[in-house]
Amino acid sequence: MKTFGRLLFYLVLVLVLLFWTVFTVYNPDPLTLNLLNWQSMSLPISVWLLGAFTLGGIAGILLCAGGYFKGKAAQKDLKLEL
């Protein structure tokens, strides 16, 4: 079962990388983001999307970190209580 899980993980990883490669090749057009009076430099769409996914992943990890450490502290208190 452990081998199947690893195989499935690597299969999904290869599919995501293949999709990202095809997306990058077929969307080389530069994109400029405009927000109020600010204008960004022109980068390919794939770079902007990769940045957005990366920032979203980091934000999710940071938001979950507080609950994780709070749970660890509660677990430590309960062990001391035993």
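Student: Does tyrosine 26 count as buried or exposed?

Tutor: Keep in mind that this model is predicted. A residue counts as exposed when its relative accessible area is over 50%. Tyrosine 26 has 65% relative accessibility, so tyrosine 26 is exposed. This tyrosine is placed in helix α1.

Student: Which residues form a nonpolar patch with Tyr26 on the surface?

Tutor: The patch consists of Met1, Phe4, Leu8, Leu11, Val12, Leu15, Val16, Leu18, Val22, Val25 and Tyr26. Together they have about 1200 Å² of accessible area.

Student: How many aromatic pairs does the structure hold?

Tutor: There are 4 aromatic pairs. One of them joins phenylalanine 9 and tyrosine 10, with ring centres 5.4 Å apart. Planes over 60 degrees apart count as edge-to-face. The planes of phenylalanine 9 and tyrosine 10 stand at 65°, so this pair is edge-to-face. Phenylalanine 9 is exposed, at 51% relative accessibility.

Student: Why is the pair of phenylalanine 19 and phenylalanine 23 stacked?

Tutor: Planes under 30 degrees apart count as stacked. Here the planes lie at 25° and the ring centres are 6.2 Å apart, so phenylalanine 19 and phenylalanine 23 are a stacked pair.

Student: Where do phenylalanine 19 and phenylalanine 23 lie?

Tutor: Both are in helix α1, which spans residues 2-26. They are 4 residues apart, about one turn of the helix. Phe19 and Phe23 also form one aromatic cluster with Trp20. Phenylalanine 19 is itself exposed, with a relative accessible area of 57%.

Note on methods. Residues are numbered from 1 along each chain as its sequence is written. This is a predicted model: local features need pLDDT of at least 70, side-chain atom pairs count only at pLDDT 80 or more; totals for chains, interfaces and linings use all residues. Side-chain values use heavy atoms; hydrogens and water are left out. Rings of Phe, Tyr and Trp (its six-membered ring) pair if their centres lie within 6.5 Å; planes under 30 degrees apart count as stacked, over 60 as edge-to-face and the rest as tilted. Buried means under 20% relative accessible area, exposed over 50%, partly exposed in between (1.4 Å probe, protein chains only). Helices (H or I, at least four residues) and strands (E, at least two) are DSSP runs, numbered from the N terminus. Patches are made of residues with over 30% relative accessible area and no salt bridge: like charges are joined within 9 Å, nonpolar side chains (Val, Leu, Ile, Met, Phe, Trp, Tyr) within 5 Å. Accessible areas come from the Shrake-Rupley method with a 1.4 Å probe; for residues, only the protein chains shown count as cover. A salt bridge is a side-chain nitrogen of Lys or Arg within 4 Å of a carboxyl oxygen of Asp or Glu.
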